[in-house]
Amino acid sequence: MTEAALERPDGPQSPARPAKPPPSPLLIGGVLGAVAVTGVAGWAIDFTLTPVIEQWSTLTMILEEVVHPEWAEITDPASRLWTALMETAAIAVIATFVGSLIALGVALLGSKVSAPPGVYRVTKSLMSVIRSLPDMAYALVFVAVVTGPLPGILALTIFNVGIVAKLTAESIDAVDHGPLEALDAAGATRWQRARVAIVPQVLPSYASYVLYVFELNIRASVVLGAVGAGGVGQLIMLYFNRADYPRLAAVVIVIFAAVIAIDLLSQALRRRLV
């Protein structure tokens, strides 16, 4: 369209915008289907908000106590809160270190770039089995046989192996094949290929995955403590069972601040690594 065609005697005018197309039948059907499935799910479990309404007075009483946290629990360095928090951090650090170290070896065995076809297929299947169960399921198993923070460490270690090995194996699949072909031409072994050409290429991504699972471990170790796997989660359950909501609120405040701080620090480090 020429400039002259856009101009009228009283001045230039921009072309009219095309009409917005109506929603497609597929989109409408998808939304209606999602609403129908949600309604059937609610009907199947007799979903209702009636209990919340009936217990509203109890809920407001709890909230009134929660908004007045026991600050002495936070300001006292010798309180049980800080002891439990240190235990939670220790669980996350140990599980991250051990799990990520094992995961690097598993990832090398779980990539067709670095492992023979038979080993690659078996390891991929094993990684899928490990990831099929959540960390809570592993914690319940270990809590049945050992006590203290060890169940949490074992559960998170297995959980970390599943996640870090999968992500790292995918990074190994995408490495530059040029250095590998040069090493193959020189007669290098699989160990030499991994040490010289593969690990250096995936190291930044691997470090990013390790920081990512450390974040997950801090959050998960809080939940695992609720089932007796050690850490600050056990303290939460103790105050909850005693209906000591001011101290419970203090624990939640500290956990909230710690998770945000670790999350921001981890994001900053990962941005520098990748």
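Modeller: What follows sets a few labels against their cut-offs, for a model that is predicted.

Biologist: Why is α10 called roughly antiparallel to α11?

Modeller: The axes of α10 (residues 177–185) and α11 (residues 190–225) cross at roughly 170° and come within 10 Å. Angles over 145 degrees count as roughly antiparallel, so α10 is roughly antiparallel to α11.

Biologist: Which residues make that contact?

Modeller: From α10, Pro 179, Leu 180, Leu 183 and Asp 184; from α11, Gln 192, Arg 193, Val 196, Ala 197, Ile 198 and Gln 201. By class, the contact of α10 with α11 has six nonpolar, two polar and two charged residues.

Biologist: What can be said of α6 and α12?

Modeller: Helix α6 (residues 80–109) and helix α12 (residues 232–241) have axes that come within 7 Å and cross at roughly 140°. Residues meeting there include Arg 80 and Leu 81 of α6, and Val 232 and Tyr 239 of α12. The contact of α6 with α12 divides into seven nonpolar, one polar and one charged.

Biologist: How do you know that the buried residues of α8 are on the same side?

Modeller: In α8 (residues 135–143), Asp 135, Tyr 138, Ala 139 and Phe 142 are buried, a term that needs under 20% relative accessible area. They cover an arc of only 100° around the axis, and therefore lie on the same side of α8. The buried residues of α8 pack against α7 (117–131), α9 (150–173) and α11.

Biologist: What does UniProt list for residues 85–266?

Modeller: An unreviewed UniProt entry lists "domain: ABC transmembrane type-1" there. Over residues 85–266 the chain is 82% helix and 0% strand.

Key
Residues are numbered from 1 along each chain as its sequence is written. This is a predicted model: local features need pLDDT of at least 70, side-chain atom pairs count only at pLDDT 80 or more; totals for chains, interfaces and linings use all residues. Side-chain values use heavy atoms; hydrogens and water are left out. Axes are lines fitted to C-alpha atoms, for helices over the stretch in contact, and angles run from 0 to 180 degrees between N-to-C directions. Helices (H or I, at least four residues) and strands (E, at least two) are DSSP runs, numbered from the N terminus. Angles under 35 degrees count as roughly parallel, over 145 as roughly antiparallel, 65 to 115 as roughly perpendicular and the rest as oblique. Contact means heavy atoms within 4.5 Å. Ala, Val, Leu, Ile, Met, Phe, Trp, Tyr, Cys and Pro count as nonpolar, Asp, Glu, Lys and Arg as charged, and the others, Gly among them, as polar. UniProt positions are given in the numbering used here, feature names are shortened, and annotations may be inferred rather than shown by experiment. Buried means under 20% relative accessible area, exposed over 50%, partly exposed in between (1.4 Å probe, protein chains only). The arc is that of the directions from the helix axis to the C-beta atoms.
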